[in-house]
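Hi everyone, thanks for coming. Today I'd like to walk you through one structure, step by step. Have a look at it first, and then we'll go through it together.

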Amino acid sequence: DEADLKRFVRVDDIVNDLQQAKNLRILVLDSCRDNPLAENLKRSAGSTRGAAIGRGLSKVEAPRGTIVSFSTQSGQVAADGSGRNSPFTTAFLRRLQEPGLEIGTMFRRIAADGNERTAGRQRPETYVSLIGEYYLNQKDLPVWTAIKDSADPLAFRNFITKFPSSPRVSAHTSANTSWAC
């Protein structure tokens, strides 16, 4: 109801608060934003010029060092899904568990999963304003450190099997094609 409007938080305020983080800032917005009050608000705003109240998420600029990920495109409405989580959150939680993914790759895979789960009706968007690469969930690093100087092809094959999305796999297999599986 209209009283709920008092509890809304401006995304711009959250983005400003994120600027206090020193390195990487990540804002993930999974909100259907199907505003049932949009028509009432438009009427109450009257013919005020520039009063645009619509459906969906507005575009948010990603300040330097920031990733902003939306569950769907600007101006569109995201699906709630049929289970506990939305299609976007389901994809996010799944991809977040993958070891050794570069963060841009992770969000591209989340977008592809979300698009697939909604049969193309929902296309997640991510704005990345980063210089350099950032890797999450690097469970592969201790294993890599232990085998990287090994001459044992089985050790590398086991590593590739256990960590297929690790950036170390592609770097190693391109440098040592004889170890490729």
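**Starting from one residue**

Let's begin with L101, which touches R95, M106, R109, Y134, Y135, L136 and S165, leaving aside residues up to four places away in sequence. Before I go on, please keep in mind that this is a predicted model. Where does L101 sit in the secondary structure? L101 belongs to strand β3, which covers residues 101-102. Is L101 buried or exposed? With a relative accessible area of 2%, L101 is buried, because buried means under 20%. Now look at Y135: along the chain, L101 and Y135 are 34 residues apart, yet their C-alpha atoms are separated by 5.5 Å.

Now let's step back and take in the whole protein. There are 7 helices and 5 strands. If you read along the sequence, the pattern is α-β-α-β-α-β-α-β-β-α-α-α. The protein has 181 residues, and buried residues make up 31% of them. Its accessible surface comes to about 11,400 Å², and carbon and sulfur atoms account for 49% of that. And how do parts of the chain meet? Take the contacts between residues at least 6 apart in sequence: 60% of them join residues at least 24 apart.

Next, the sheet. Here is a bit of background: strands of a sheet pair through backbone hydrogen bonds, either parallel or antiparallel. In our model, 3 strands form an open sheet in the order β1-β2-β4, and the pairing is mixed. The edge strands are β1 (25-29) and β4 (125-129), each pairing on one side only. From one strand to the next, the twist averages 5 degrees.

Let's take the two pairings in turn. β1 and β2 run in the parallel sense, paired over 5 bridges. Along this pairing, R25 stands opposite T66 in β2, and V28 has S69 in β2 as its bridge partner.

Now for the core. In soluble globular proteins, nonpolar side chains tend to be buried together. Which residues make up the largest nonpolar core here? The 9 residues are I67, F88, A91, F92, L101, I103, M106, F107 and I110.

Not counting residues up to four places away in sequence, F88 touches V28, L29, D30, S69, F70, S71, I110, Q122 and P124.

Last topic: aromatic rings. A pair of aromatic rings is described by the distance of the centres and the angle of the planes. The protein has 4 aromatic pairs. In one of them, F92 and F107, the ring centres are 6.2 Å apart and the planes are at 35 degrees, so the pair is tilted. This pair links distant parts of the chain, with F92 in helix α3 (residues 87-96) and F107 in helix α4 (residues 103-117), 15 residues apart. Both F92 and F107 are buried.

Another pair is W144 and F159, also tilted, with 5.2 Å centre to centre and 55 degrees between the planes. Here too, distant parts of the chain are linked: W144 is in helix α5 (residues 140-147) and F159 is in helix α6 (residues 153-162), 15 residues apart. W144 and F159 are both buried. Finally, ring pairs link W144, F156 and F159 into a cluster.

Definitions and conventions: Residues numbered from 1 in each chain as written. Predicted model: local features only at pLDDT ≥ 70, side-chain atom pairs only at ≥ 80, totals over all residues. Heavy atoms only, no water. Phe/Tyr/Trp six-rings, centres within 6.5 Å; stacked < 30°, edge-to-face > 60°. Helix = DSSP H or I, 4+ residues; strand = E, 2+ residues; numbered from the N terminus. Buried < 20%, exposed > 50% of the residue type's maximum accessible area, 1.4 Å probe, protein only. Contact = heavy atoms within 4.5 Å. Areas by Shrake-Rupley, 256 points an atom, 1.4 Å probe, with all protein chains shown as cover. Core = buried A, V, L, I, M, F, W, Y, C linked by side-chain atoms within 4.5 Å. Pairing = 2+ DSSP bridges. Axes fitted to C-alpha atoms, helices over the stretch in contact; angles between N-to-C directions.
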